[in-house]
Amino acid sequence: MKLHNILFIIIFFYNLTQGIIVYMKKFVLFLMVILFPNLVLAQNPTTSEFNTEKISKESIRRIFSTHHQGADFLIQSFLNNNLLNYSPQKDFFYLNKNKFLEPLYQKEYKKIYLLTYMKRIFDYLWNVPISEEYSYFTPRFIDYKQIEKSIKKEDTPLISSSAISFACTSYLIGAEYGWTSVDQTITRLKKICTFFHDLPQEGLHEGFIASVYNLETKKPAKSSHFSILDTANIVIGFMAVKQYLLDKKRSYNEKVYQYNALIATYSQKKFSQKKIRNLTLSVNRLTRLIDMINETTEMINTIYERVNWQSAIHQSFLIKGWNIKHEPIINTLTNKVSIYDSFDGSYLAYITAIGSKTFPISEKIWEKLQRKTEKLPIKNHQKDTLLGGYLPLSSHTYPLCYIDLRDYTYKDSIEYIPNNIHRKLKYTKLKFTDILGWQYFENASKAIGFNQQYVQKLANEFPEKYTTYAIYWGLSNSWSSETIYDTLHPLKKSFPKGSRVSPTATISTIIFNEDEVHKQLERVFNHQHFPENLPFEVLTDYGFVSSFTLSSPIGERESIAQRIDTLEKGAEFLSLENHFTGFVWKLISRDKNINISLKKLGFPIFLLAKTLNDFDKSRRLQKPNLISTILKEESSNLFKHAIQLEGMEYSDYYEIQISSTSDFRNFESYPPLELNKLGYAFLPDFLKAGSYHLRARAIQTKEPLQPNTSYTNAYSEDCKSLWSLPINIKILANPSEPSLSPEDVYLKDIVTTLENIDDKTFLLKKAQRYLTLMEKYNKILSDPDREKKYKNHPLIKENLSPLELLRKKHPKGLLKLEAYIETYRKLQNSSNESLLLEKPSFFQENSSIVYMKNLLEKLIDLNIEKKFITRAQHYILLLKKYSLILCTPSEKLSLFERTQKRLMEKNNHDPLSFLRKKFPKRLEALEQKAFYI
């Protein structure tokens, strides 16, 4: 046998042996995990299934969703400037940390870095269970041993009610970022709600929840009490969960309807059984999720409604709670019942109690709360009136993690603001004040400024004693060791203990002073003034530790407390998300109970007609697009009865006014109207020929309005959106044809929209064909002898409506039309809103889009025909689409989009030149109208 053959055999058997050894090791490890999980997993319990350095494109798009230049343009810029690295195999981005101090895009870069920090917190809240049996609960805290890379939990499985509330809201955010699936999130939330819903009678007091529970016994822990504030935290956290689940339920119901229509069609036409089976599985999955959502929301309602807030009133105020023997908590200094009689973080409990549906307390209590004010230095040693300057940071930030108390701003004219608000307006801001005139968001911002200045003053006066305070700040309740919990705040008599600061509390203030938080973060990352003998890092795999000090610790306190507290992590997480997208604020702003409570307290409440993904840092008041009409001046009178309402699904009723003048000095009101399935309402038949103006607003009310009655101001406990922008319609005399049904109007609306879109003529033809079929079906239904002539027709035999039959016969085509129209309208709305955003000076907008926007503004100024303005708006959307295609990797594009990208790159087209190639004559006509008329 030749030598090379012998060598080949030896190498072959060597590789085979090595492969067998590797697989044997994996098999042995697999058996060890099954037989001795605690022994194996204890070696590295902090290992997460997520890599905190990974950043998905969806996450970046989410935090820059309102950026005037667009998230995809920023991503491309980050890649070009080496701020981000891209892994095409895993479709993830990685942050280049060496570029942290680069001046270019520094603000945006820091925002992405904060996103990676959020991911660390979510890894803790989602992946660190209290025990194997209760894997869906997060512990109260853990001690993170950085040297061993291990974690230590409490021996007894104890949970903090407030911490679980923050964690539940964090799970919603994680699902939106794609860090966990929505299915897993809904499943976990149901289990958590079930625990609190099914608590035994001894585990509750008048519906109030204890601050700490033992999961094994489902009873309050010995050191806990039935807490008013913890109950309020659970209630408002579950309100956010409820609004999120209801939003998901609506989208799931729509999908189930569409999938069932497809299954019925495929079954008749004998399509592939695999398609039918996959659709059936999807329907079953969505139906299961809908059932879980229904059960969870019912449990949330029960948890809130069973709380007897009235039983907690003592001497006209809420008490702090009861001990586990169901006796009121006594203040040891005064030997009296402890009550919340002064302004602090407990105002969240008053808001939830006043908004209760079953046991509301009087809003008059709010005015009786003691509000001790002081003249304190806020900035540059200038004194200002401050409420609660002595409070720790957590007392100011925790309630504002949920409730949006920012001022409103507006850009449009104020003529559409209700008269009772009109007098309060000054310039472009509507102050969000209560009945006493307090702006609590502004006050919290001042208190945080004083918190920072107070420690800096100490450092200036006693530099050797308070070395930490020279550059670090953040006085709040925090752990200083495994056994010591310090309550640090300004103006404390026995202050301070080791000049400690809480980095988690500092992060929670980012919604108030972003720049100062970023400066402190840079100092921590760069270890500024850190002594060399510090044993651990302040930043762990799960975010910042509870507290640290750079001076010698006092007593049993540690220089760096290695404790990770769930409540602190949850507050950080929610504050960061509100800073990015305002998602939590948006959820709570939809809740009727909270809105009505704030309304009772004198706050100016307006329902904002925006989706959960929209966020405006200024909380801008805009004229909502609640109403539109199908009728145009040149149209026939077929549509004179039909108007379309853009639904705000969290509203109860809609009020519509009709006037012959645009100023609505004289008008007639509709009865309160509930939005029907198709979103259409019909004008009364008594309207004569002529020009009319319509406007609408949405209403949330605590008491149901009586049907067939006009809306009056007799209902004081309600919240409304602003009046929509008035829309002019024209009613023609002597109608030649009867009014259309809502289904006809629905399809005609699609046709009308497609007529204004230049490059979708094939869709227009399809929609026109469907409209012809609808007319045919209507003729069949209008035939008096239809039962005899068309007894075997599906309309008669299966008792279908024309639209249901059309959907049954042409499911794919109709779904495609609806999906395109929905996408087009969303893009159009986002385009209109983006025009109002201010442009930072360091950004240059895409020249193609700027050119088209200037052209559009010129057309509007010249009062050119509406069809040319509509065309220019559509071209802006197309330019955005082409820009997005150029920035997106080819593997992520559809076949048609890949072809477009290839054509643009091959011929060196920018978006505008590519648009000119597709529509040369139409674009030239627009330019002539704008510049050469």
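Q: Which residues line the second largest cavity?
A: In this predicted model, the lining is Leu 393, Ser 394, Thr 397, Tyr 398, Ser 476, Asn 477, Ser 502, Thr 504, Ala 505, Ser 508, Glu 568 and Ala 571. The second largest cavity has a volume of about 60 Å³.

Q: What makes a residue such as Ser 394 part of that lining?
A: A lining residue has an atom within 4 Å of a cavity point. Ser 394 is listed in the lining of the second largest cavity, so it meets that cut-off.

Q: How do the residues of this lining divide into nonpolar, polar and charged?
A: There are 4 nonpolar, 7 polar and 1 charged. Glu 568 is in the lining, and Glu counts as charged. Therefore Glu 568 is the 1 charged residue.

Q: Which elements each supply at least two residues of the lining of the second largest cavity?
A: They are α12, α15 (503-507) and α17. α12 gives the most, with 4 residues.

Q: Which residues are closest to the centre of the largest cavity?
A: Of the 23 lining residues, the closest are Asp 404, Trp 585, Ser 589, Leu 608 and Arg 619. Two elements give two or more residues to this lining: α18 (583-589) and α19 (592-600). α18 gives the most, with 4 residues. The lining has 13 nonpolar, 3 polar and 7 charged residues.

Q: What is the volume of the second largest pocket, and how many residues line it?
A: The volume is about 1600 Å³. There are 46 lining residues, and the closest to the centre are Leu 229, Tyr 340, Ser 395, Asn 477 and Tyr 485. The lining divides into 19 nonpolar, 18 polar and 9 charged.

Q: Which element gives the most to the lining of this pocket?
A: α12 does, with 4 residues. Other elements supply at least two residues each, including α6 (161-177), α8 (228-268) and α17.

Q: How do you know that β4 and β28 are paired strands?
A: Pairing takes at least two bridges. β4 (residues 141-145) and β28 are joined by 3 bridges, so they pass. They run antiparallel. Asp 143 stands opposite Arg 563 in β28.

Q: Why are β5 and β28 called edge strands?
A: β5 (150-152) and β28 (563-565) each pair on one side only. The open sheet has 3 strands in the order β5-β4-β28. The twist averages 35° from one strand to the next.

Q: What packs on this sheet?
A: Helix α17 (residues 566-580) does, touching β4 and β28. Its direction makes about 60° with that of β28.

Q: Which stretches have a pLDDT below 50, and why does that matter to a reader?
A: Overall, the mean pLDDT is 81, and 81% of the residues reach 70 or more. Among the stretches under 50 are residues 422-427, with 8 contacts beyond four places in sequence. Over residues 830-845 the pLDDT is also below 50, and this stretch has 34 contacts beyond near neighbours in sequence. Where pLDDT is low, the predicted coordinates should not be read in detail.

How values were computed: Residues numbered from 1 in each chain as written. Predicted model: local features only at pLDDT ≥ 70, side-chain atom pairs only at ≥ 80, totals over all residues. Heavy atoms only, no water. pLDDT = per-residue confidence, 0-100. Contact = heavy atoms within 4.5 Å. Axes fitted to C-alpha atoms, helices over the stretch in contact; angles between N-to-C directions. 1 Å grid on protein atoms, 1.4 Å probe; cavity = no way out; pocket = protein on both sides within 12 Å on 5 of 7 lines; lining within 4 Å. Points joined across faces, edges and corners; volume = space filled by probe spheres on them.
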